Amino acid sequence: MNYRHAYHAGNFADVLKHAVACRIQAYMAAKAKPLLVLDTHAGAGAYDLTGPEADRTGEYRDGIARLLDLDPVPPLLDPYLERVRRLGGARNGALPAYPGSPWLLADGLRDGDRLVACELEPTAHQDLAHLMRRRANQPGTVKVRADDGWAALTSFLPPPERRALVLVDPPYEAADDFPRLAERFLKAHRRFPTGVFVLWYPVKQRSRVDALHATLRNSDPKNLLIAELGLYPGESDSRLNGCGLVIANPPYTLADELTETLPLLNTRLTKTTTGTHHLITL
Ligand SMILES: C[S@@+](CC[C@H](N)C(=O)[O-])C[C@H]1O[C@@H](n2cnc3c(N)ncnc32)[C@H](O)[C@@H]1O
């Protein structure tokens, strides 16, 4: 495992994934019933934006840094930006730290809610466990586990709460991560068809994304929403040209909110005139 999220924290891909996850969690929290939040590939949880990794790539400067002054904030971005500004210590337009998915989602827990965050890489796991110990007196319970996130997709589902938000955000280091995403999601969905799943994927080679969409289109789950942001056209082995989310069982308001806000994200996050955004239902 060579992937280190510190180089990418707060980039355009984090913005899309974290905004949607936080918005769905806020929506689900409006119902007074306990919720399981499962973060299968959780990372370290907090990232120093003044540190050498973030500075080397500067990816957050073309991501979250372009949204900090947003006013008014559209509903899709509201829970996310509020949490990022507060947890990351935003001051005078600067953001010293970026909260990763487990910290953002832990912050949205209510009494009775649970977060299970899986992270296999030992240093990231240790950092995350340390971070989560500091929130011991806050609502909800958090378990940081050194479990394989793919296995957790079936071992934690269906949950006793009968309600779950599941974020699947693998590093895509392995060539078969695309087919594995489809296969493990479909298996988890069969076990728990009413779960809300958010699956992140990179857009580098379009053929891999098309194959994922085709597999999902020809499978049982209906009501799959796909949201994509594209920064650059063309094919690449390495450069992240864009990214997408597959959302299963989205809240009924989400498609309209994405329709409203994807163009804004595109305008703010794209430096060139080649930016694209798509919203489709499979
Ligand atoms: C893209 S990063 C996660 C970023 C995090 N979800 C966020 O948004 O802040 C992927 C993480 O998955 C971890 N990882 C890789 N394979 C894993 C596995 N099989 N199970 C759990 N974690 C894994 C990596 O160490 C890395 O920290």
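**Aromatic pairs and charges over rings**

Author: Phe 185 and Phe 197 are both buried (buried is under 20% relative accessible area, exposed over 50%, partly exposed in between; 1.4 Å probe, protein chains only). The model is predicted: local features need pLDDT of at least 70, side-chain atom pairs 80 or more, while totals for chains, interfaces and linings use all residues. Residues count from 1 along each chain as its sequence is written, and side-chain values use heavy atoms, without hydrogens and water.

Reader: What makes Phe 185 and Phe 197 an edge-to-face pair?

Author: Rings of Phe, Tyr and Trp (its six-membered ring) pair if their centres lie within 6.5 Å; planes under 30 degrees apart are stacked, over 60 edge-to-face, the rest tilted. Here the centres are 5.2 Å apart and the planes at 75°, so the pair is edge-to-face.

Reader: How many aromatic pairs does this rule give?

Author: The count is 5. In one of them, Tyr 27 and Tyr 252 have centres 6.4 Å apart and planes at 75°, so this pair is edge-to-face.

Reader: Why is Tyr 252 called exposed?

Author: Its relative accessible area is 68%, and the cut-off is over 50%, so Tyr 252 is exposed. Tyr 27, at 31%, falls in between and is therefore partly exposed.

Reader: How do you know that the charged end of Lys 17 sits over the ring of Trp 200?

Author: NZ of Lys or CZ of Arg must be within 6 Å of the ring centre and within 35 degrees of the ring normal. The charged end of Lys 17 is 5.0 Å from the centre and sits over the ring. Trp 200 also belongs to one aromatic cluster with Tyr 172, Phe 178 and Tyr 201.
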